[in-house]
Amino acid sequence: MVMLTLLTLTSLTSRVRSEVPDVSDLTYMDLWLISCLIFIFSCMVIIVTSAVLNRRGRQALTRKIEFWMKVLYPTFFLVLCVFYWSLVLAIYFQSMSTVGT
């Protein structure tokens, strides 16, 4: 499931990049897609780590890790969303107010 999501996001990134003009700077879209890729890749790392720990007989540690990731991942993603969209909307409204004057 994680690999499918990673491949889908990579495909989406390629498609979007081909449809927008090339710029040399890092765009907000790039930041969003990179952040999502980091979340997906780290989720894959946690799954592999949990599987390895589970095979080595450390089920208690595996349960702790999985519990904290169920709590922390949505929390971190919510913080990312609030920060990102606050920044993007603030810059958008600031640029709209300077255009009108």
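Student: What should I know about the model before reading numbers off it?
Tutor: It is a predicted model in which local features need pLDDT of at least 70 and side-chain atom pairs count only at pLDDT 80 or more, while totals for chains, interfaces and linings use all residues. Residues are numbered from 1 along each chain as its sequence is written, and side-chain values use heavy atoms, with hydrogens and water left out.

Student: Which residues make up the largest nonpolar core?
Tutor: The largest nonpolar core has 6 residues: L6, L9, L33, C36, I40 and M44. A nonpolar core here is a set of buried Ala, Val, Leu, Ile, Met, Phe, Trp, Tyr and Cys residues joined through side-chain atoms within 4.5 Å. Buried means under 20% relative accessible area, exposed means over 50%, and partly exposed is in between, with a 1.4 Å probe and protein chains only.

Student: Which helices supply at least two residues of this core?
Tutor: α1 (2-19) and α2 (28-55) each do. α2 gives the most to this core, with 4 residues. Helices are DSSP runs of H or I with at least four residues, strands are runs of E with at least two, and both are numbered from the N terminus.

Student: What is L33 in contact with, leaving aside neighbours within four places in sequence?
Tutor: L33 is in contact with L9 and T13. Contact means heavy atoms within 4.5 Å.

Student: Switching to aromatics. How many aromatic pairs are there in the whole structure?
Tutor: A search of the whole structure finds 8 aromatic pairs. Rings of Phe, Tyr and Trp (its six-membered ring) pair if their centres lie within 6.5 Å; planes under 30 degrees apart count as stacked, over 60 as edge-to-face and the rest as tilted.

Student: Why is the pair of F39 and Y73 edge-to-face?
Tutor: The ring planes of F39 and Y73 are at 80°, with centres 6.0 Å apart, so the pair counts as edge-to-face. F39 lies in helix α2 and Y73 in helix α3 (residues 59-100), so this pair ties together parts that are 34 residues apart in sequence.

Student: Are F39 and Y73 buried or exposed?
Tutor: F39 is buried, and so is Y73.

Student: And how far apart are the ring centres of Y84 and W85?
Tutor: Their centres are 4.9 Å apart and their planes are at 85°, so Y84 and W85 are an edge-to-face pair too. Y84 counts as buried at 11% relative accessibility, whereas W85 counts as partly exposed at 43%.

Student: Which residues form one aromatic cluster?
Tutor: W32, F39, Y73, F77, Y84 and W85.

Student: Which helix gives the most to the nonpolar patch?
Tutor: α2, with 4 residues. α2 and α3 each supply at least two residues of the patch.

Student: Is I38 buried or exposed?
Tutor: I38, in helix α2, counts as exposed at 55% relative accessibility. I38 and L6 are 32 residues apart in sequence and 9.7 Å apart in space, C-alpha to C-alpha. L31, found in helix α2, is partly exposed with a relative accessible area of 35%.

Student: Now S50. What does S50 touch, not counting residues up to four places away in sequence?
Tutor: S50 touches T62, I65 and E66. S50 is in helix α2 and is buried, with a relative accessible area of 5%.

Student: And where is M29?
Tutor: M29 lies in helix α2 and is partly exposed, with a relative accessible area of 28%. Leaving aside neighbours within four places in sequence, M29 is in contact with V16, V20 and Y84.
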